[in-house]
Amino acid sequence: MLTIVGLGCSPEDLSRGAYNAVTSGAKVILRTGETPAAQAILSSGAPCATLDYIYESCRNFDTLNKKLAAAVAEEAEKGDVVYCVDGSVAEDVSAQILLRKKKDARVFCGVSKADAAFAAAKISACDRTAVSAYSGGGARLRLPLAVYDVDCDLVAGDVKLRLCDLFGDEADAFFVRGGKAKKIKLYELDRQKAYDSSCVLVLDKIPLLKKTRFDFDDLVEILRLLRAPNGCPWDRAQTHESIRKNMIEEAYELVDAIDSKDDNKIVEETGDVLMQGVFHSVLGEERGAFTVDNVLSAVCEKLIFRHSHIFGKDKATDEASALSVWDKNKLKEKGQTTGSQSVCDVPKNLPAAMRAQKVAKRAAKFGYDFKDVSQAAEKVTEELGELLAALREKNEAHIAEETGDLLFSAVNVGRLAGADCEEALSESTKKFIRRFCRTEELILADGKKMQDMSADELWAYYERAKRNG
């Protein structure tokens, strides 16, 4: 029979049931004998052993806990064992490993190291977070927070670096050692005089206006405050429809920032795009239609479903096969079985060249396409002739129609040639702007004005500008 006992943080924390288990005559194993609560067991005269020797042979925390659990499990196969850990059983990783393997184990949970530290710092909250200093960096940390097992300055330094990035160097904190709390700044965590197994870092909640670092929850809270009855009059007046174009504008500003390779601008514009998403989520929440959590859940569900080559049984060995799996799953997800459904699903508000290419690409997946680039190019010639005919008719509606047909045909040529037509047109526009500006520079340098020159003269200057890039 295996019994796991949480010894708490001091000799006074041992419950009557835990005391009876420790003194029952079963073999007592202490995870470590270096804590005050463990020292009380050792000095009681009860026969017991410690696993301190295992610490010396382990290179990381994961290996340590696996070896601790294995050693206890081996002894439990031979007879009754009481395994004692400091703090609470729920806080000890080796105990959790054992509980997954030994479903019939008895547990005396014990006083939590985090709870004791919160009490010492006089912080009371029901939504507290507690983690070991040795735990990985994957957990999302929220305030109020207790980080226990800060048992040396090196560990304290690691914890400090991680938390300063989340909450700021100057965040108020408590350093709890031996049940006594000392107020410090977060950056001072690795500058304390002494460390031992009882050391815990505690952070209380930080008021919004005193924060220097923010997270996703803060963004949601700010948008809710702006939309509140006493919030910002402009923000309160907005609807999904009134701000819909803002997302397009912010997305283009992010693309410009990416093109400029300016990380600070990328950070700023990414934040603006994210803010627009949260704004729509808060508007949906107010209508009772959906929440921020619904939005996050939907996008995560979509990513998992469409990446079935990662999270499912599909296979993909390169970029093309991965995209093929994505497209297959997208059709299945949207319930699209016909070409018309797929083509009509292309967003109407995409830039015209991008939308044309996407529509043609989806039609091609259902076999509706040119044989090759040459055949598509013939269509360009045909459409150009029809546009010229419309010009001779001087029919504005017909001219607009044939202009669109010509552009759509040109997009098909670019698509079949393997070009991103939106990107290609954008680059050509940039190139024209660059050459136009250079042309004007050359003209002005000669003491002339563009407006006063003939088309042939302008073209000659433009050719000079082209030779200069």
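**Entry 1: aromatic rings**

I began with the aromatic residues and found that F432, F436, W459 and Y462 form one aromatic cluster. I note here that the model is predicted. In the whole structure I count five aromatic pairs.

I looked at F432 and Y462 next. Their ring centres are 6.3 Å apart and the planes stand at 40°, so I wrote this pair down as tilted. I then checked where the two residues sit: F432 is in helix α19, residues 421–445, and Y462 is in helix α20, residues 455–467. The pair therefore ties together parts that are 30 residues apart in sequence.

Is Y462 buried or exposed? I found a relative accessible area of 15% for Y462, so it is buried, since the limit for buried is under 20%. For F432 the relative accessibility is 46%, and F432 counts as partly exposed.

I went on to W459 and Y462. W459 and Y462 are both in helix α20, three residues apart, which means a separation of about one helical turn. I kept both numbers for each pair because a pair of aromatic rings is described by the distance of the centres and the angle of the planes.

**Entry 2: the sheet**

I turned to an open sheet of five strands. In what order do the strands lie? I read the order as β3-β2-β4-β1-β5, with parallel pairing. At the edges I found β3 (48–50) and β5 (106–108), each of which pairs on one side only. Neighbouring strands of the sheet are turned by 20° against each other on average, with direction ignored.

I then picked out β2, residues 27–30, and β4, residues 81–85. These two strands run parallel and are joined by four bridges. For I29, I looked up the bridge partner in β4, and found Y83.

I also checked what lies across the sheet strands. Helix α4, residues 61–78, lies across β1 (2–6), β2 and β4. I noted its direction as about 160° to β4.

**Entry 3: A322**

My last item was A322, which I located in helix α14, residues 319–334. Which residues does A322 contact, leaving aside its neighbours within four places in sequence? I found H309 and A316. I also looked up A322 and D405, which are 83 residues apart along the chain, and their C-alpha atoms are separated by 33 Å.

Definitions and conventions. Residues numbered from 1 in each chain as written. Predicted model: local features only at pLDDT ≥ 70, side-chain atom pairs only at ≥ 80, totals over all residues. Heavy atoms only, no water. Pairing = 2+ DSSP bridges. Axes fitted to C-alpha atoms, helices over the stretch in contact; angles between N-to-C directions. Contact = heavy atoms within 4.5 Å. Phe/Tyr/Trp six-rings, centres within 6.5 Å; stacked < 30°, edge-to-face > 60°. Buried < 20%, exposed > 50% of the residue type's maximum accessible area, 1.4 Å probe, protein only.
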